[in-house]
Amino acid sequence: MFVVGGTASKKVAEDIAKDLKASLIKTISKRFPDDELYIRILDNISNKDVVIVQTTYPDPNIIELFLLQNAVKEAGARKITVVIPYIGYGRQDKKFETGEPISAKAIAELISLQADKVITVDPHKQHILDFFTIPAFSCSAVPELAKYLCKKEVDLVLAPDKGALERAKQASKIIDCDFDYMEKTRIDGTTIEIKPKNLEAQNKNVAIIDDIISTGGTMEKSIQELKKQGAKNIFVACTHGLFAGEAIKKIISAGCNEIISTDTIKSDFSKVKIAPCISPLLDCKY
Ligand code: R5P
């Protein structure tokens with residue numbers, strides 16, 4: 001098996017290749033003067049099984065994935081598996097208003113054109129896997145995030161809303177602590193409300209766990225509520241740290257002790273490797 005990483009996911013690709021004892025494909029990639037991308041595969045992968053690893057966020061990384069898929073196909077690969085550590089556009093998974101695209105479907109259909117199988121991590125909604133026209137699977141980062149949190153003497157794991165309760169429950173089992181959820185209402189893309197609710201957080205170390213941190217509004221409001229309820233240390237952990245705009249500042253100012261994310265999107269907070277969640281899915285036959 002051969003593995004190639006796009007620029008968004010070079011390290012994850014290296015980690016996966018190491019796990020699978022697979023060869024890492026050498027590539028050249030550069031920008032033309034007009035900023036268009038040039039890619040070239042340097043190894044002979046004719047008739048080989050190839051895994052392409054590329055997060056599809058932000059937008060230029062989507063184009064890079066399409067070019068990689070085409071380069072791998074043109075080079076004669078036998079089977080192409082696309083690993084997408086973070087799949088962008090997952091939150092536009094339906095038409096909320098008439099005239100809108102189903103963005104997740106549009107992207108999934110295009111990726112499916114030049115691949116045999118797709119693997120992603122904690123998609124925002126599980127049903128976006130059905131938008132691919134090839135077999136598509138997902139894995140969860142929760143076990144690896146929970147392992148990291150085990151070092152923090154966490155007493156309580158919280159989901160920021162009821163929809164994320166399963167995630168908190170799964171993490172709490174690994175950490176061996178309590179779990180609960182907050183009552184969140186989203187008003188719009190940047191405004192959310194957390195309804196007060198007794199969380200028994202007094203003097204406790206609390207970890208809030210979510211799939212995505214984008215504007216940081218959800219975490220900011222959750223931390224503020226926990227502070228009111230007398231929590232001791234507050235950790236926020238997510239699979240995909242988008243950290244848009246002032247997200248980090250908002251979370252820190254609210255009183256967070258530590259921000260933890262995986263490396264599905266590279267940032268200063270990528271403290272948890274995602275490869276151990278992905279590699280087992282590549283190591284078995286579907
Ligand atoms: C929402 O359902 C997601 O699970 C996250 O809670 C949300 O995407 C976080 O967004 P933000 O950081 O902008 O509040």
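**A note on charged residues in this model**

1. Let us start with K125, which counts as partly exposed at 39% relative accessibility. On this scale, buried means under 20% relative accessible area, exposed means over 50%, and partly exposed lies in between, with a 1.4 Å probe and protein chains only. Please keep in mind that this is a predicted model, where local features need pLDDT of at least 70 and side-chain atom pairs count only at pLDDT 80 or more, while totals for chains, interfaces and linings use all residues. Residues are numbered from 1 along each chain as its sequence is written, and side-chain values use heavy atoms, leaving out hydrogens and water.

2. Which residue does the side chain of K125 meet in a salt bridge? The partner is D93, at 4.0 Å from N to O. A salt bridge here is a side-chain nitrogen of Lys or Arg within 4 Å of a carboxyl oxygen of Asp or Glu. D93 sits in the loop between β6 (79–84) and α3 (103–112), and K125 in the loop between β7 (117–121) and β8 (136–139), so the pair ties together parts 32 residues apart in sequence. Helices (H or I, at least four residues) and strands (E, at least two) are DSSP runs, numbered from the N terminus. D93 counts as buried, at 6% relative accessibility.

3. Now look at helix α3, where E109 and K105 both lie, 4 residues apart, about one turn of the helix. Their side chains form a salt bridge of 3.6 Å, N to O. E109 is partly exposed at 34% relative accessibility, and K105 is partly exposed at 33%.

4. Is D210 buried or exposed? D210 is buried, with 7% relative accessibility. D210 makes a salt bridge with R167, and their closest N and O atoms are 3.8 Å apart. This pair connects distant parts of the chain, from strand β13 (residues 205–213) for D210 to helix α5 (residues 165–175) for R167, 43 residues apart. R167 counts as buried too, at 17%.

5. How many salt bridges does the rule give? The count comes to 13. A network of salt bridges links K11, D15 and K273.

6. Finally, find the surface patch of negative charge where E153, D155, D178 and E200 gather. Residues in a patch have over 30% relative accessible area and no salt bridge; like charges are joined within 9 Å, and nonpolar side chains (Val, Leu, Ile, Met, Phe, Trp, Tyr) within 5 Å. E153 belongs to the loop between α4 (142–149) and β9 (156–159), and E153 is exposed, with a relative accessible area of 62%.

Terms used. Areas by Shrake-Rupley, 256 points an atom, 1.4 Å probe, with all protein chains shown as cover. Lys, Arg positive; Asp, Glu negative; His and termini not counted. Charge placed at Lys NZ, Arg CZ, Asp CG, Glu CD.
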